[in-house]
Structures are given as C-alpha cells and as structure tokens.
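Good morning, and thank you for coming. Please look at the sequence and the structure together while I speak.

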Amino acid sequence: MASSQEFRNYILGGCPGLTARAMMGEYLLYYLGKHVGGVYDNRLLVKPIDAACAVLPGAPREVPYEGAKEMLLVEETDDRGLLRRLFDAMYAALPEPAPGTGRREKHT
C-alpha cells in the first residue's frame with residue numbers, strides 16, 4: 001500500500017526543515033538535506049542510529065518494505081516537539097550528504 005500525500009503533508013508540516021522525495025509510492029525524508037528516514041505505508045520510520053534510539057527509547061522496529069533493514073517506528077507523530085528533538089539529534093549525528101547527490105523535493 002502506498003502512503004497518502006495527506007499523511008506525508010501532515011508529517012512535513014510538523015517540522016520545519018523536513019522535506020520529502022517521492023520514491024515508488026512512498027517518500028524518503030530529509031532533514032536539512034540529510035536522509036533521516038521515510039514515510040512507508042502511512043508510517044513514519046527513521047534510521048535506527050544511536051541518536052534516534054536515545055530520543056525514542058523502546059520504539060518498535062519495523063521494516064519499510066520486504067527485504068529492507070529494520071527502522072524505528074515513530075508512534076507519537078502528533079508530538080511536534082518530539083519530532084523536532086528527534087530530527088535535530090539525528091542531524092547532528094549523521095554525516096554530511098555527498099555533493100550533488102540528487103534533488104530534494106521541498107514541501108511546505
């Protein structure tokens with residue numbers, strides 16, 4: 001099942017600096033240019049890096065699609081402060097993107 005644009009827009013609206021790129025009916029998410037996760041089957045999933053695990057202790061792990069690595073499920077998508085803390089922590093921990101690694105689709 002593909003994710004809805006409404007859910008994508010809901011997630012993007014909760015955190016300035018968050019952008020999406022459509023990918024086969026789902027959406028890859030970038031925070032200030034760094035890939036942090038995605039919207040899959042109307043679920044917000046993020047990379048299970050240490051910084052994300054610290055903000056979301058005990059978060060369930062789910063696969064975005066068959067054959068993929070597990071990611072952290074963000075269940076509290078209504079908590080905009082939590083999303084901001086999560087993406088800020090992930091941004092600080094993730095490496096800078098390589099120059100010229102593709103376009104980023106900006107949505108407000």
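The side chains of Lys34 and Glu96 are joined by a polar contact of 3.4 Å; a polar contact here is a pair of N or O atoms within 3.5 Å, in which, within protein, one must be able to donate a hydrogen and the other to accept it, and residues adjacent in sequence count only if both atoms are side-chain atoms. This is a predicted model, in which local features need pLDDT of at least 70 and side-chain atom pairs count only at pLDDT 80 or more, while totals for chains, interfaces and linings use all residues. Residues are numbered from 1 along each chain as its sequence is written, and side-chain values use heavy atoms, with hydrogens and water left out.

Lys34 lies in strand β3; helices (H or I, at least four residues) and strands (E, at least two) are DSSP runs, numbered from the N terminus. Is Lys34 buried or exposed? Its relative accessibility is 5%, so Lys34 counts as buried, the term for under 20% relative accessible area, with exposed meaning over 50% (1.4 Å probe, protein chains only). Leaving aside residues up to four places away in sequence, Lys34 touches Leu29, Tyr91, Leu94, Pro95, Glu96 and Pro97, where contact means heavy atoms within 4.5 Å.

I turn now to helix α1. Spanning residues 5-13, α1 has Phe7, Arg8, Ile11 and Leu12 as its buried residues. Seen down the axis of α1, these fall within an arc of 135°, so they line one face of the helix; the arc is that of the directions from the helix axis to the C-beta atoms. Glu6 and Gly13, on the other side of α1, are exposed. The cover over the buried residues of α1 includes β3 (34-40) and α3 (80-93).
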